[in-house]
2 protein chains.
Amino acid sequence: MESLGIMGGTRDFLPDTMIRREFVIDTLKLLFRKYGFEPLETPAIERLETLTGKYGEEGEKLIYQVINSGSLANLQPGKRLEHALRYDLTVPLARVVAMYGDEMLPDPKNPKKQLRRLPRPFKRYQVQPVWRGDRPGQGRFREFYQCDADVVGATSLLVEAELIALAVEAFKTLGFQDFTIKINHRQLLAGLISWAGVPKSKEATTLSSIDKLDKLSVEAVKSELHEKGLEQDQIEKLFNVIKLSGNGAELLDEAGALLKASETASTGIAELQQLLGLLKALQVDGQHYKIDLSLARGLDYYTGTIWEIVTAAPVGSVGAGGRYDGLISTLSGGLVDQPACGTSFGLDRLLAAMEHLDLLQQIPRNTEVLVLRFTDPGAELILLSLVCALRKVGVRTEIGYNDAPFSPDGMRQQLGYANEKGISYAVIMGPDEMTQGMVTLRNLLTREQSKLPIVDAVNLISSRLHS
Amino acid sequence: MESLGIMGGTRDFLPDTMIRREFVIDTLKLLFRKYGFEPLETPAIERLETLTGKYGEEGEKLIYQVINSGSLANLQPGKRLEHALRYDLTVPLARVVAMYGDEMLPDPKNPKKQLRRLPRPFKRYQVQPVWRGDRPGQGRFREFYQCDADVVGATSLLVEAELIALAVEAFKTLGFQDFTIKINHRQLLAGLISWAGVPKSKEATTLSSIDKLDKLSVEAVKSELHEKGLEQDQIEKLFNVIKLSGNGAELLDEAGALLKASETASTGIAELQQLLGLLKALQVDGQHYKIDLSLARGLDYYTGTIWEIVTAAPVGSVGAGGRYDGLISTLSGGLVDQPACGTSFGLDRLLAAMEHLDLLQQIPRNTEVLVLRFTDPGAELILLSLVCALRKVGVRTEIGYNDAPFSPDGMRQQLGYANEKGISYAVIMGPDEMTQGMVTLRNLLTREQSKLPIVDAVNLISSRLHS
């Protein structure tokens with residue numbers, strides 16, 4: 001280790017940061033579980049052939065290839081390696097569905113029957129890092145966690161409704177008050193574009209311009225579309241619909257009336273109307289979602305409902321999702337064709353938004369009580385039994401590990417340690433307390449302290465901490 | 001994805017397996033937290049120079065090097081790459097301590113003061129995968145999780161005592177009844193070897209033979225030592241001490257009497273005696289640890305107390321630990337020199353042991369209730385409000401996503417799905433129940449079922465599930 005450092009675009013998560021990350025991840029996992037999603041993990045290293053041809057020409061260059069040192073010497077120059085690091089969680093999901101989706105196991109309850117190894121529909125969540133050899137930059141990392149919940153194998157709109165309900169519950173649970181899930185539908189957009197007279201060949205580029213409406217002005221987007229060769233009346237027709245706003249059901253009625261000639265758009269509108277009904281039935285708070293006809297989403301694999309989550313923090317969207325019925329087939333090279341729909345949380349942006357909105361302060365640092373060792377070595381056994389008793393009732397407790405606890409500096413050092421770890425309470429047993437059978441409990445934030453009888457200390461401390 | 005598959009030695013963890021892995025990891029994390037350990041994560045990709053020279057010649061060949069696809073074309077043949085995958089969690093720990101150990105931050109409570117960025121002592125746990133390009137085999141993987149808790153920066157024997165107490169609590173919490181932590185001390189062993197007349201140059205090889213006593217007979221180890229050039233009386237002297245058994249304190253007294261001429265051995269024995277006192281003070285159940293003078297541990301970096309955890313399952317040791325005061329200095333290339341002590345849980349072996357001892361059955365599969373959709377589309381809104389209400393009281397609930405729920409097959413398919421996911425309860429609202437304002441709750445394991453008024457269903461179901 002001649003020089004110290006890590007690769008650009010990667011991060012060490014030290015405890016203060018990790019505690020916040022684990023809080024957010026654990027909150028999301030608990031919610032995924034409550035909605036019936038189950039965890040999946042796939043290997044970091046995949047066969048390179050599993051990943052190639054999936055991420056476009058530019059994406060492909062960012063794939064990290066791996067080789068063990070013993071084999072590197074034999075590598076032919078110019079040859080690709082055999083293995084590579086996971087680039088996202090969607091290709092591994094497609095591989096898992098293709099590999100195990102038809103596998104049957106004997107039913108433990110009834111040996112004559114068989115069960116699917118992967119339940120169908122397959123509701124899985126996956127929270128794992130992915131790697132991309134991108135140029136590091138503000139908010140752009142070479143290693144970052146993705147956090148996805150997907151349902152493979154069901155076309156029901158209940159899937160969309162539950163994923164959106166889950167996202168709303170997630171943001172509420174994390175403490176966000178001001179956030180919105182913008183919802184639109186790819187068939188509505190496709191129908192609209194065609195109804196406006198824009199040729200199919202320009203659908204993708206039109207969508208990509210519309211997608212910029214959250215960053216650019218209407219005028220700027222219109223002139224971009226003009227430069228792309230759309231005619232003025234086509235652009236006006238597009239914006240007559242896109243600019244519609246208001247209450248979801250009414251907005252959809254208006255759009256439906258305008259677009260009634262387009263079967264595709266009408267299908268999308270009908271699905272959105274049905275979705276609004278399901279969201280109401282799932283008691284999702286109406287202030288946290290809205291139909292937004294200007295939402296397009298960059299990725300072109302979506303086929304149905306799409307959504308994006310924005311908060312009051314200026315960090316961009318913190319989550320997104322949608323239905324992508326053809327993608328599993330594409331990604332599995334045609335081996336399986338199952339409908340799919342999923343939602344994804346952007347962990348780094350989510351944490352940045354929480355930081356910006358001051359929502360991270362609520363997350364407690366770990367240790368609640370530090371029992372100080374500093375006076376009489378004879379007190380140690382009593383203090384250790386106090387440590388045990390506090391842990392037994394669930395109080396996260398430490399005892400000072402100082403190497404010279406009984407030196408004059410012992411107490412100062414241990415209080416410094418408590419400060420470094422953000423520990424709120426110290427238990428002190430000096431010579432006076434010891435003869436009285438007492439301990440002193442000091443609140444290290446307010447500096448208030450009180451003496452407690454040792455025999456009551458556990459109850460009093462745990463009730464004070466967990467009240 | 002022309003052919004399906006993953007690299008040998010790696011694994012997909014499908015939900016049934018993942019739920020068990022997450023249960024074990026979450027149990028360990030909760031305990032680490034209760035003892036005041038905080039989480040650390042480091043990047044999967046490290047600079048290659050951080051890893052080289054740390055794992056021996058054989059280990060070095062197993063390091064996976066990585067390069068992004070865009071740069072691979074420019075690779076010079078025969079050159080090493082710049083980056084590599086994490087090989088263990090100890091080298092990254094040493095790097096973190098070397099990089100941030102002296103960094104100071106302003107104290108938020110007192111701007112005139114500064115706080116260490118890393119608390120000292122640094123108590124961290126880390127649960128992350130590591131990669132080794134080894135030949136895959138029974139229980140040997142190329143990607144596997146390590147699960148370590150270490151304390152850097154304290155020499156106090158309290159560290160050893162708390163790590164052993166934590167391990168005992170962990171195995172009890174996971175449901176193990178019959179397990180033992182074998183404890184020994186490197187200085188006792190070094191003193192013994194020297195006292196027996198074995199030259200220092202043969203210490204390491206002697207330890208490596210002693211370490212085989214859990215697999216080989218005493219006679220086999222003796223003859224191996226003989227072949228290694230130890231004299232008969234040296235071997236007998238060694239075994240006169242190693243064979244001592246019995247109650248910890250008495251055994252140590254006996255060994256102490258025999259080895260009193262060795263200062264090194266006496267230091268080790270005194271520390272073990274003090275450790276036994278601390279374990280008692282921490283109320284660790286004496287049946288779960290014992291002094292075992294034949295325990296040597298393969299790795300040669302240990303400097304003090306060492307331990308190893310064995311269970312009644314024939315899977316080898318499921319955890320181990322010890323003090324390694326010189327290692328941080330070695331691993332950081334002399335940049336920092338701090339005492340350290342840690343314990344490690346072998347997640348794969350631990351799960352294998354739990355499987356063998358039938359301890360995995362206690363871990364519930366995820367979803368508790370499946371609300372079936374199969375009769376009247378008009379019932380859907382009522383069913384969805386039931387789903388919401390069950391989730392609100394913490395019941396992990398799903399509603400059937402079947403695409404054709406109202407077909408004759410709808411109910412059969414949804415019950416099959418419940419079976420695949422190991423769901424215990426189904427809620428059914430057929431036409432009869434609907435007109436009566438009732439739902440049927442069916443236990444899918446016992447096939448018992450009862451009708452409940454819809455208005456009471458949430459309370460009755462949650463009390464039945466969580467009683």
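This is a predicted model: local features need pLDDT of at least 70, side-chain atom pairs count only at pLDDT 80 or more; totals for chains, interfaces and linings use all residues.

Biologist: How do the residues of the contact of H1(B) with H6(B) divide into nonpolar, polar and charged?
Modeller: Ala, Val, Leu, Ile, Met, Phe, Trp, Tyr, Cys and Pro count as nonpolar, Asp, Glu, Lys and Arg as charged, and the others, Gly among them, as polar. For the contact of H1(B) with H6(B), the division is four nonpolar, two polar and one charged.

Biologist: At what angle do helix H1 and helix H6 of chain B pack?
Modeller: Helices (H or I, at least four residues) and strands (E, at least two) are DSSP runs, numbered from the N terminus. Axes are lines fitted to C-alpha atoms, for helices over the stretch in contact, and angles run from 0 to 180 degrees between N-to-C directions. Helix H1 (residues 15-34) of chain B and helix H6 (residues 157-173) of chain B have axes 10 Å apart, and their packing angle is about 145 degrees.

Biologist: Is B:Met99 buried or exposed?
Modeller: A residue is buried if 20 or more other C-beta atoms lie within 10 Å of its own, exposed if 12 or fewer, and partly exposed in between, with C-beta atoms placed from the backbone. B:Met99 belongs to helix H5 (residues 90-100) of chain B. Because B:Met99 has 20 C-beta neighbours inside 10 Å, it counts as buried.

Biologist: Which residues is A:Val241 in contact with, leaving aside its neighbours within four places in sequence?
Modeller: A:Val241 sits in helix H10 (residues 232-242) of chain A, and it is buried because 22 other C-beta atoms lie within 10 Å. Its C-alpha atom is separated by 7.5 Å from that of A:Leu293, 52 residues apart along the chain. With the sequence neighbours set aside, the contacts of A:Val241 are A:Leu192, A:Ala255, A:Leu258, A:Leu259 and A:Leu293.

Biologist: Which peptide bond of chain A is cis, with omega about 0 degrees?
Modeller: Most peptide bonds are trans. In chain A, A:Pro121 is in the loop between strand S6 (110-116) and strand S7 (122-131). Chain B has a cis bond from B:Arg120 to B:Pro121, with omega near 0 degrees. The cis bond in chain A joins A:Arg120 and A:Pro121.

Biologist: Is B:Asp358, with its positive phi, buried or exposed?
Modeller: Most residues other than glycine have a negative phi. B:Asp358 has a positive phi of about 65 degrees and lies in the loop between helix H14 (347-356) and strand S14 (369-371) of chain B. Because B:Asp358 has 9 C-beta neighbours inside 10 Å, it counts as exposed.

Biologist: What positive phi does A:Gln283 have?
Modeller: A:Gln283 is placed in the loop between helix H12 (263-281) and strand S10 (289-291) of chain A. A:Gln283 counts as partly exposed because it has 16 C-beta neighbours inside 10 Å. Although A:Gln283 is not a glycine, its phi is positive, at about 60 degrees.

Biologist: What rotation superposes chain A on chain B, and which relation is that?
Modeller: Copies are superposed by least squares on the C-alpha atoms of residues with pLDDT of at least 70 in both. Chain A is superposed on chain B (RMSD 0.0 Å) with 0.0 Å of shift along the axis, by a rotation of 180 degrees. The relation is therefore that of a two-fold axis.

Biologist: Which helix gives the most to the side of chain A that touches chain B?
Modeller: The contact takes 94 residues from chain A and 93 residues from chain B. By class, the side of chain A has 46 nonpolar, 22 polar and 26 charged residues. With six residues, the helix that gives the most to this side is H1 (residues 15-34) of chain A.

Definitions and conventions: Residues are numbered from 1 along each chain as its sequence is written. Chains are lettered from A and ligands numbered from 1 in the order in which they are written. Two residues are in contact if their C-beta atoms, placed from the backbone, lie within 7 Å.
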